[in-house]
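Please read them with the structure open beside the text.

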Amino acid sequence: MKANHYDDFAENYSAENESSLLNAYYERPAMIGLAGDVTGHRVLDAGCGSGPLSAALSAKGAIMTGFDSSPAMLELARQRLGATADLYVADLSKPLPFADDSFDDVVSSLVLHYLEDWSAPLAELRRVLKPGGRLILSVNHPTVSVVTQPTEDYFAIRQYSEDYKFDGEPAVLTFWHRPLQEMISAFTSAGYRIATVSEPEPSPDTPHELLPPRIVNGERTAFLSFIFFVLEANKTAMPVSADEELAQGVVRRR
């Protein structure tokens with residue numbers, strides 16, 4: 001996908017993001033919850049879009065910096081955030097314009113699944129994190145493809161596209177599917193320790209009309225859409241194997 005792909009539908013996507021189930025009542029509350037107390041933290045929003053997560057973390061006391069590859073999305077972020085965040089046009093697949101050890105935390109909402117190669121982006125985010133800093137991220141849940149693409153190979157890293165409507169207007173997004181074992185391998189190879197894996201429930205504030213019927217009827221409490229990770233960067237230790245990381249990691253529902 002082109003770096004400026006979102007320019008074609010930036011305003012529609014941003015409008016949809018404000019109130020949709022998946023963004024406003026599922027992904028964003030989960031990211032805010034995983035970030036926890038960020039008072040005084042220097043936080044980088046990698047792929048900030050129009051800035052809703054940056055705004056939420058700024059309101060919790062974080063000192064925000066953000067970047068996005070879409071100039072149109074970044075202009076919307078500037079309108080939202082004003083002087084409360086430093087914003088840059090930058091591409092996560094290329095070197096970032098930040099010094100080593102610049103940030104206490106990095107948040108990255110629904111960004112990595114647009115990239116075929118995770119090695120360089122994860123290394124670059126680790127470079128700008130302070131030792132012990134956290135990378136908090138969300139991506140498409142890999143097991144969803146078992147249902148939506150039953151004839152495709154779950155274990156292959158492969159590209160696929162899906163049709164969407166953002167604020168009533170059609171758009172096509174292209175992603176890279178990656179099985180869970182490949183995600184974990186990418187994290188550990190880049191020198192991160194997996195602190196948390198989360199498959200959260202939607203926010204308790206979600207309007208009932210937005211929820212899947214099984215949740216409204218009490219049959220289930222959650223649904224699969226995205227998967228969330230909290231990774232810790234250790235600048236000195238050698239990366240451990242995926243099996244060792246799984247043994248150390250904390251897996252939780254919310």
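1. Helices (H or I, at least four residues) and strands (E, at least two) are taken here as DSSP runs, numbered from the N terminus. Pro142 sits in the loop that links S5 to helix H6 (144-148).

2. Two remarks on provenance belong here. The model is predicted, so that local features need pLDDT of at least 70 and side-chain atom pairs count only at pLDDT 80 or more, whereas totals for chains, interfaces and linings use all residues. Residues are numbered from 1 along each chain as its sequence is written, and side-chain values use heavy atoms, with hydrogens and water left out.

3. What does Pro142 touch, leaving aside its neighbours within four places in sequence? Pro142 is in contact (heavy atoms within 4.5 Å) with Tyr154, His177, Arg178, Pro179, Leu180, Met183 and Ile227. Asp117, which is 25 residues from Pro142 in sequence, is 16 Å from it in space, C-alpha to C-alpha.

4. Helix H5 (residues 119-128) has as its buried residues Pro121, Leu122, Glu124, Leu125, Arg126 and Val128. These buried residues pack against strand S1 (42-46), strand S4 (103-109), strand S5 (129-140), helix H7 (180-189), strand S8 (192-198) and strand S9 (226-233). Leu122, one of the buried residues of H5, touches Leu112, Leu135, Ala186, Phe187, Ala190 and Tyr192 when residues up to four places away in sequence are not counted.

5. A nonpolar core is a set of buried Ala, Val, Leu, Ile, Met, Phe, Trp, Tyr and Cys residues joined through side-chain atoms within 4.5 Å. The largest such core holds 32 residues, of which Trp118, Leu122, Leu125, Leu135, Phe187, Tyr192 and Phe229 touch the most other members. At least two residues of this core come from each of S1, S4, H5, S5, H7, S8 and S9. Apart from it lies another core, of 28 residues, including Leu81, Leu110, Ile215 and Val230. As background, nonpolar side chains tend to be buried together in soluble globular proteins.

6. How do helix H1 (residues 10-19) and helix H4 (residues 71-81) cross? Their axes, which are lines fitted to C-alpha atoms over the stretch in contact, with angles running from 0 to 180 degrees between N-to-C directions, come within 9 Å and cross at roughly 50 degrees. H1 and H4 are therefore oblique to each other, given that angles under 35 degrees count as roughly parallel, over 145 as roughly antiparallel, 65 to 115 as roughly perpendicular and the rest as oblique. The contact is made by Ala10, Glu11, Tyr13, Ser14 and Glu18 of H1 together with Ala72, Met73, Leu76 and Arg80 of H4.

7. The axes of H1 and helix H2 (residues 21-35) come within 4 Å and cross at roughly 55 degrees, which makes H1 oblique to H2. On the H1 side the contact is made by Tyr13, Asn17, Glu18 and Ser19, and on the H2 side by Leu21, Asn23, Ala24, Tyr25 and Arg28.

8. In helix H3 (residues 52-59) the buried residues are Pro52, Leu53, Ser54 and Leu57, and they pack against H1, H2, S1, strand S2 (63-68), H4 and S4. H3 is followed by Gly61, whose phi is positive, near 105 degrees.

9. Two residues deserve a look at their backbone angles. Most residues other than glycine have a negative phi. Asp101, although not a glycine, has a positive phi of about 55 degrees; Asp101 lies in the loop between S3 and S4 and is partly exposed, with a relative accessible area of 36%. Leu110, also a residue other than glycine, has a positive phi near 55 degrees; Leu110 is placed in the loop between S4 and H5 and is buried, with a relative accessible area of 13%.

10. Gly82 is found in the loop between H4 and strand S3 (85-89), and at 42% relative accessibility Gly82 counts as partly exposed. The C-alpha atoms of Gly82 and Ala55 are separated by 9.9 Å, while the two residues are 27 residues apart along the chain.

Definitions and conventions: Buried < 20%, exposed > 50% of the residue type's maximum accessible area, 1.4 Å probe, protein only.
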